[in-house]
Every structure is written in structure tokens, then in C-alpha cells.
Amino acid sequence: MKQGNQPRLRDQLRAVIRVNHYSIRTEKTYWYWIRYFIRFHKMKHPRDLGAREVNEFLTWLAVHRNVSAATQNQALNSLVFLYTKVLDKPLGDIGQVARAKKPPKLPVVFTHDEAMMIINRLGEPNKLIVSLLYGSGLRITEACRLRIKDLDFRQQVITVRDGKGAKDRTTLMPPSLIETLQDHIQNIRERWQQQSEEFLHPVSLPFALARKYPNAGRSLEWQWLFSSPNLSSDNLGNVARHHRHITGVQRAVRQAAKEAGIHKRAGCHTFRHTFATELLKRGNDIRTVQDLLGHADLRTTQIYTHVLGQGFAGVKSPLG
């Protein structure tokens, strides 16, 4: 991928991603699709390709790989970012693409009892993490990325930093979790004060914050609420402690649902769906629910009214 004195395409992408403050997960996803695109076109550099080749690739994904509409859009977004932001060669009109079909689907939700059956079968810290998914409407990545400074016990508010779409928002702190969260933080504080082995290395920090505030990664307020037991490298290549990985929580939830005899297509995100439906069921305003979930479009939140059977403007069956 290296031409003359130009940096490799992967390095160019990484540099632009970091400047635009995109997440590491987005960087990995974009690179996956860019590499897939390059291999599809027999290792030609994207600079020598254009809108027609992007059209061919996206059409092939839909027709021959049968990818979902969301997956096809993800591939398109990756390539648009590459050409617009990295190569400075906007694609313009890519023509008519065979679109992957997106059949309408209602989200799977738990009843309150089902949610609690699963939560009560989890060990710590997974039980506390999943309680936050259900009690605060967090995504699993948002819960795992919480830091001590993101919890405001006085206001009973949790701040989500750099959520989906790189947006910040605030959401509810469940009163029933306050004591558990305070005990959890007190436990972290005591180990931090004793300088136990897990605090010998700083925690990873977003973007260039480690350079700007070199001691922040060792401060208490920046500690992860749910830290990884293992060390890894941060964005600058320094050894640091990252947050707990989402896959362990996901596996634990699937196992707990199986043990509870719940045969729904259940996962961590199901608790976020259940949070929304429970709030609407209890008469909360849909726009408030939209804000708590961080949805940019009200139509995304309105899908939950159909789950509750409230999407029919009060029409009742003639059978009664």
C-alpha cells in the first residue's frame, strides 16, 4: 500500500480517525471494509479506483453475500470516509446500487421479571454492569466505558461520554443501585490508595489527553468503573489498563438467560430495549425516553410503541 514516500494507507486512516475523534471500534470496522474492498478489486490501491468500483463492491455484497442493509450501509460509510477524509477524493454519485433488503423487525424485549431473573443469575461485576443496562438504558459499550467521574450521586445522574455518534448525554442513575455503586467505588478507592498492583500502570485515556494531562491516567476520578484484569497498549503505544471487554458480559448474559429458561433471542442490548418499553409502559413522555436513550431521530424511539401495541392510535379490535 505504500507508494513513494507516502505513509501506508492503514496509517493514513488511523491518523485521520484520531484527528476526528472516532472510536477504536469504528477504526477497526472501517479498516475491515476498506481491506475487503481492496481485496475484492485484486489488491488495487483505492486511489486508482472510484465510484464505479465502489458500486460494484456494494452490489456484490447485497447480491452474492446476502448481507443485511445495516452491514451494506456500514461498508458504504467506511468507503465514503476513506475517499472523502483520507484520500481527499470524494466519490460523488456512485450510481444505482442493489440495496440489501431491510425487513421491518420489532426489538425483542424482556418482561421485568425475565430481566431480573437473568440479572440475579449473574456474578459480579457482570451483575452490576447489566443492572445499568436495564436501569439506565445504557449500551453495553457505554456501561463498560464508565469512569468514576461519570457518576453524580448528588444529582443521581450518569454521564455517557462519547456515545454512539460521538455524542455525550446524561441518563438516570437507578436509586436501587446507588448503594451498590458507592460500595463498588469505595472498593476501588481503597485499592487505589493502597497502590495495589492493578494501579501500577495508568488507565487508557481518550485521544491526546495522556499528553496534555500526563497524570490523569493515575488519578482516581479517571479510573474505569469496570477495568480489565489485563494490561494492553493505549492509542500512543504505552502500556495501560483498558476497560472490561464487552464479550465476557455478553457470554454471561446468554448463559444466564439459558439457565433461566428464557428462550428469546436475548443479549445485552435486549436490556436497553426493555428499559425503553418499561418507561413508556409507565406513561413517561416519548421525547424524554428519546433523550435518555440518545436517539437522534424520534422515529427510532417510536418503534417501542409498537412493541407495546400503542402504535394504533387507540383503535381496538372489534372482538373486544
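**A pair of helices and their surroundings**

Reply: In this predicted model, the axes of helix α5 (residues 112–119) and α6 come within 10 Å and cross at roughly 160°. Because angles over 145 degrees count as roughly antiparallel, α5 is roughly antiparallel to α6. The crossing in which α5 passes α6 is right-handed. In general, the angle between the axes and the distance between the axes describe two packed helices. As for the residues involved, H112, A115, M116 and I119 of α5 meet K127, V130, S131 and Y134 of α6.

The loop between α6 and α7 (140–144) holds R139. With a relative accessibility of 13%, R139 counts as buried, because the cut-off for that term is under 20%. Leaving aside neighbours within four places in sequence, R139 is in contact with L133, K164, R169, H269, R272 and L293.

Helix α6 (126–136) also has a part in covering another helix: together with β1 (151–152), α6 is included in what covers the buried residues of α8. Those buried residues include I178, L181, I185 and I188. They cover an arc of only 95° around the axis, which puts them on the same side of α8. An α-helix has 3.6 residues a turn, so residues three or four places apart point the same way.

The length of α8 can be checked as well. At 1.5 Å a residue, the 16 residues of α8 (residues 178–193) should span 22 Å, and the end C-alpha atoms are 22 Å apart, which agrees. Just after α8, Q195 takes a positive phi of about 55°.

Technical notes: Residues are numbered from 1 along each chain as its sequence is written. This is a predicted model: local features need pLDDT of at least 70, side-chain atom pairs count only at pLDDT 80 or more; totals for chains, interfaces and linings use all residues. Side-chain values use heavy atoms; hydrogens and water are left out. Helices (H or I, at least four residues) and strands (E, at least two) are DSSP runs, numbered from the N terminus. The expected span of a helix is 1.5 Å times one less than its number of residues. Buried means under 20% relative accessible area, exposed over 50%, partly exposed in between (1.4 Å probe, protein chains only). The arc is that of the directions from the helix axis to the C-beta atoms. Contact means heavy atoms within 4.5 Å. Axes are lines fitted to C-alpha atoms, for helices over the stretch in contact, and angles run from 0 to 180 degrees between N-to-C directions. Angles under 35 degrees count as roughly parallel, over 145 as roughly antiparallel, 65 to 115 as roughly perpendicular and the rest as oblique. A crossing is left-handed if the near helix is turned anticlockwise from the far one by less than a right angle, and right-handed if clockwise.
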